[in-house]
Amino acid sequence: MKAVGELLKKHDGTLWHVTPDVTVYEAVEKLAHYGAGALLVMDGDRLAGVFSERDYTRKITLQGRNSKETRVSEIMTSDVFTVNASTRTRDCMALMSAKKIRHLPVLDGDRVLGMISIRDIMDDIISDHESTIATLHSYIHS
């Protein structure tokens, strides 16, 4: 299993984010544009939280709030679980499963390096398993 810092290399240092003061509607537009399920919420260089589709559906749609009038800061998840670049993907999967979350910001101290998703983790696990299978197959047939 890889360290999540390796997975972030596929993102080319991209930090898809919004600021806490944008409207939820603007944040949802960004989610749609990027084809993402969550965005970092950044207050300058500081991680303020995460805004996800789950936040939108549970805190806007189900509560009958107006996404064009509500600020991201009002509904974002601010108590965020994070990992560092050396955290192994297996440990990330365990944390995501235990906490029922789909996205993890990756930090180096207070500096935000990026965010990984459950899809990133699953892709890595599948790749690792395929590599193991290929190695075993080669060993058996040699």
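This is a predicted model: local features need pLDDT of at least 70, side-chain atom pairs count only at pLDDT 80 or more; totals for chains, interfaces and linings use all residues.
The hairpin comes first. Strand β5 spans residues 103–108, and its pairing with β6 is antiparallel, with six bridges between the two strands. At one of these pairings, histidine 103 has serine 117 of β6 as its bridge partner. Two residues lie between the strands of this hairpin, and glycine 109 adopts a positive phi there, near 70°. Strand β6 itself, residues 111–117, is mostly covered, as five of its seven residues are buried.

Attention now turns to the helices. Two packed helices are described by the angle between their axes and the distance between the axes. For helix α5 (residues 89–99) and helix α6 (residues 118–140), that angle is about 135° and the axes are 10 Å apart. The arrangement therefore counts as oblique, and the crossing of α5 past α6 is left-handed. On the α5 side, the contact involves Thr89, Cys92, Met93 and Met96, which meet Ile118, Ile121, Met122, Asp124 and Ile125 of α6. Sorted by class, this contact holds seven nonpolar residues, one polar residue and one charged residue.

The last stop is a loop. Serine 67 sits between α3 (53–61) and α4 (72–75). Is serine 67 buried or exposed? With a relative accessible area of 12%, serine 67 is buried, because the cut-off for that class is under 20%. Leaving aside residues up to four places away in sequence, serine 67 touches Thr23, Val24 and Tyr25, together with Tyr56 and Ile60.

Key. Residues are numbered from 1 along each chain as its sequence is written. Side-chain values use heavy atoms; hydrogens and water are left out. Buried means under 20% relative accessible area, exposed over 50%, partly exposed in between (1.4 Å probe, protein chains only). Helices (H or I, at least four residues) and strands (E, at least two) are DSSP runs, numbered from the N terminus. Two strands pair if DSSP finds at least two bridges between them. Axes are lines fitted to C-alpha atoms, for helices over the stretch in contact, and angles run from 0 to 180 degrees between N-to-C directions. Angles under 35 degrees count as roughly parallel, over 145 as roughly antiparallel, 65 to 115 as roughly perpendicular and the rest as oblique. A crossing is left-handed if the near helix is turned anticlockwise from the far one by less than a right angle, and right-handed if clockwise. Contact means heavy atoms within 4.5 Å. Ala, Val, Leu, Ile, Met, Phe, Trp, Tyr, Cys and Pro count as nonpolar, Asp, Glu, Lys and Arg as charged, and the others, Gly among them, as polar.
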